[in-house]
Amino acid sequence: MKFTAPQARILAVDDQEINLMVLERLLSSVQVEIKTATGGQEMLDLLSQEHYDLILLDHVMPQPDGLEAFHLSQTLEGNLNADTPFVALTGNDIKAEDADPSLSPREATRAYYKKEGFADYLPKPVLPEDIEQILLDLLPAEKIVRPEGESQVPASEKQGLYARAMELQEQDAGSDKTPPSASPDLDTVKGLAFSAGNDEMYRELLKNWTDAYMESGYTIQKSAKNGDLNAHRIATHSLKSSSRMVGALALGDLAEKAEHASRDGDLAYVQENVAALLEQYGKSVDAANAYLAG
C-alpha cells in the first residue's frame, strides 16, 4: 500500500449490509476509521453527533432515499458536516437533463450528481481503483500519509488497492489453486475482482449473498404477486447490485430489467418475468454454493 489515512473518518451509508461489508474490507488496508449506517434517517442522526472527512451515500434506499437524505442534510440544524464532501453510490446511470449528449453514461451520471450537490459518485459494484481515487481526491491532503519519496501519481498507476487486487489474482493464477471460472450463472473472475482479488473476502461476501436468498426471493415474489411496484423496485435494485458484486451477472441483468419495469409502472412485465428472474436466482445460488464447497 502506497498511502494510508489512519486519521481520516468516513461514514458509509447503504441499506444492504453486503455493500457495507465490501466498503469496510476495501478500506481496511488504508487504515481509515469507517462508521456505517443502514438508512438515510440514521445518517441524519449521526451528522449532528460527530464530524466525518467523507460520506459515501447510497442513492436507492427506503425513504428517505440517499438523494432526499442528502438534501435534508443541507438544512439540518446542528449539522457538524456542512462542509463534508458527499459521494453518491449508485448502480444506475442517471443522465442530467441538461447534460452534454456527447458525455459517456459515467460522465453524464457524474454531472447529474454534481448538479445535485455531491462532490462525486461511485458506480456499484465498487472497484478498488475507483474508491482509491476518491480517497486521494476528496480526503484532506494532510490526512493522506505516503511513504517518503512517494510521488503524486494517479491511483490507477500506483501500487494501491487496485494493484494489490491484480497482484493477488496473478499469484492465484500461478499457484496450484483451481482457477476461477466464468459462467452465465456465476462469474467468479468478476466476483474476485470486486473483492480486490481476495478469495477469503469473496467467499465471505458470497456466503452472505446466498444466506439472503430465501428472504430476498420471497420479497421479490410477494411484491410481484401483490403488485407492489415500489417494494419490487427496491428489492430488485438491491439484488442487481449485490449479484453483480459477487459475479452473478446474468441475474444482475434480469434484476435490472425488473427494477426498470417497476420504476416505469410496468406491472405486466414484472409479473410475466418474475418466474424467470427467480429461476436464474436459484441457478446462481446453486453455483455459489458449489464454489463455496470447493
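Guide: In what follows, Ala, Val, Leu, Ile, Met, Phe, Trp, Tyr, Cys and Pro count as nonpolar, Asp, Glu, Lys and Arg as charged, and the others, Gly among them, as polar. The model is predicted, so local features need pLDDT of at least 70 and side-chain atom pairs count only at pLDDT 80 or more, while totals for chains, interfaces and linings use all residues. Residues are numbered from 1 along each chain as its sequence is written, and side-chain values use heavy atoms, with hydrogens and water left out.

A cavity here is a set of points, on a 1 Å grid over the protein atoms alone, where a 1.4 Å probe fits but cannot get out; lining residues have an atom within 4 Å of a point. The largest cavity holds about 70 Å³ of space, a volume being the space filled by probe spheres set on the points, which are joined across faces, edges and corners.

Its lining consists of Asp14, Asn19, Val22, Leu23, Leu89, Lys124, Pro125, Val126, Phe194 and Met245. By class, seven of these are nonpolar, one is polar and two are charged. Helix H1 contributes the most, with three residues; helices (H or I, at least four residues) and strands (E, at least two) are DSSP runs, numbered from the N terminus.

Two of the lining residues, Lys124 and Pro125, are joined by a cis peptide bond with omega about 0°. Pro125 sits in the loop that runs between strand S5 (120-123) and helix H5 (128-138).

Note on methods. On a 1 Å grid over the protein atoms alone, a cavity is a set of points where a 1.4 Å probe fits but cannot get out, and a pocket is an open set with protein on both sides within 12 Å along at least five of seven lines; lining residues have an atom within 4 Å of a point.
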